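Please read it alongside the sequence and the model.

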Amino acid sequence: MLRASIAVVQLFRIVNAASILFFVAALVATLPGAEWVEGVLVRKYGTTVDPQQVIVFMQLTMLLTLPVAFAVERLLLALRAILRTIEDREPFAAANAGRLRLIGWMLLVIQFADVGFGIVTWIARALHIDFLSWTPGFTGWIAVLIAFVLAQVFERGAAMQHDLEGTV
């Protein structure tokens, strides 16, 4: 199970890197000189939207993904490091408390980006363009809380393990 978890984390890192490349390529495709994007928008929406406004909207939306991708990468690296300590039979290593705290902060970044995505959805409606739907969720906020609580648990566990090693 541990090896599978490490493999899944590595797979997620690859998917995250591919997503970054996709969004950067899409962002570059909308830069000046890419009139074909404007042409696609005119064909799809006719005169109901301002193509330049939609392109700026698309660029800002794609830029919103970059902090999320960074947060996901940091989170996955911390998770991989925790899994390695489990593999080494030292799950209550003092560093894991810091790693869990980092995971909590990265989850918080992702949650704030999710709120930003909700705002982006409202802007898309105001621009009268097709866009994904968004519903606020509370599961991610609970995950943030759990990560910070587990960081405290691991901090205490590491201190107890240190005390125990001192008495043996």
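Helices are DSSP runs of H or I with at least four residues, strands are runs of E with at least two, and both are numbered from the N terminus. This is a predicted model, in which local features need pLDDT of at least 70, side-chain atom pairs count only at pLDDT 80 or more, and totals for chains, interfaces and linings use all residues. Residues are numbered from 1 along each chain as its sequence is written, and side-chain values use heavy atoms, with hydrogens and water left out.

1. Packing of H4 and H5. Helix H4 covers residues 94–127 and helix H5 residues 139–167; they pack at an angle of about 170° with their axes 8 Å apart. Axes are lines fitted to C-alpha atoms, for helices over the stretch in contact, and angles run from 0 to 180 degrees between N-to-C directions. H4 and H5 are therefore roughly antiparallel to each other (angles over 145 degrees count as such). The residues of this contact divide into 18 nonpolar, four polar and two charged. Here Ala, Val, Leu, Ile, Met, Phe, Trp, Tyr, Cys and Pro count as nonpolar, Asp, Glu, Lys and Arg as charged, and the others, Gly among them, as polar.

2. Span of H4. The 34 residues of H4 reach 50 Å from first C-alpha to last, close to the 50 Å expected at 1.5 Å a residue. The expected span is 1.5 Å times one less than the number of residues.

3. Contact of H2 with H3. The axes of H2 (residues 35–45) and H3 (residues 51–87) come within 10 Å and cross at roughly 115°. On the H2 side, Val37, Glu38, Leu41 and Val42 meet Pro51, Gln52, Val54, Ile55 and Met58 of H3, where contact means heavy atoms within 4.5 Å. Seven of the residues in this contact are nonpolar, one is polar and one is charged.

4. Positive phi values. Most residues other than glycine have a negative phi. Arg89, not a glycine, has a positive phi of about 65° and is found in the loop between H3 and H4. Arg89 is exposed at a relative accessible area of 75% (buried means under 20%, exposed over 50%, partly exposed in between, with a 1.4 Å probe and protein chains only). His128, in the loop between H4 and H5, likewise has a positive phi, near 65°. With 57% relative accessibility, His128 counts as exposed.

5. Thr85 lies in helix H3 and is buried, with a relative accessible area of 12%. Not counting residues up to four places away in sequence, Thr85 touches Glu90, Pro91, Ala93, Asn96 and Arg99.

Notes:
Angles under 35 degrees count as roughly parallel, over 145 as roughly antiparallel, 65 to 115 as roughly perpendicular and the rest as oblique.
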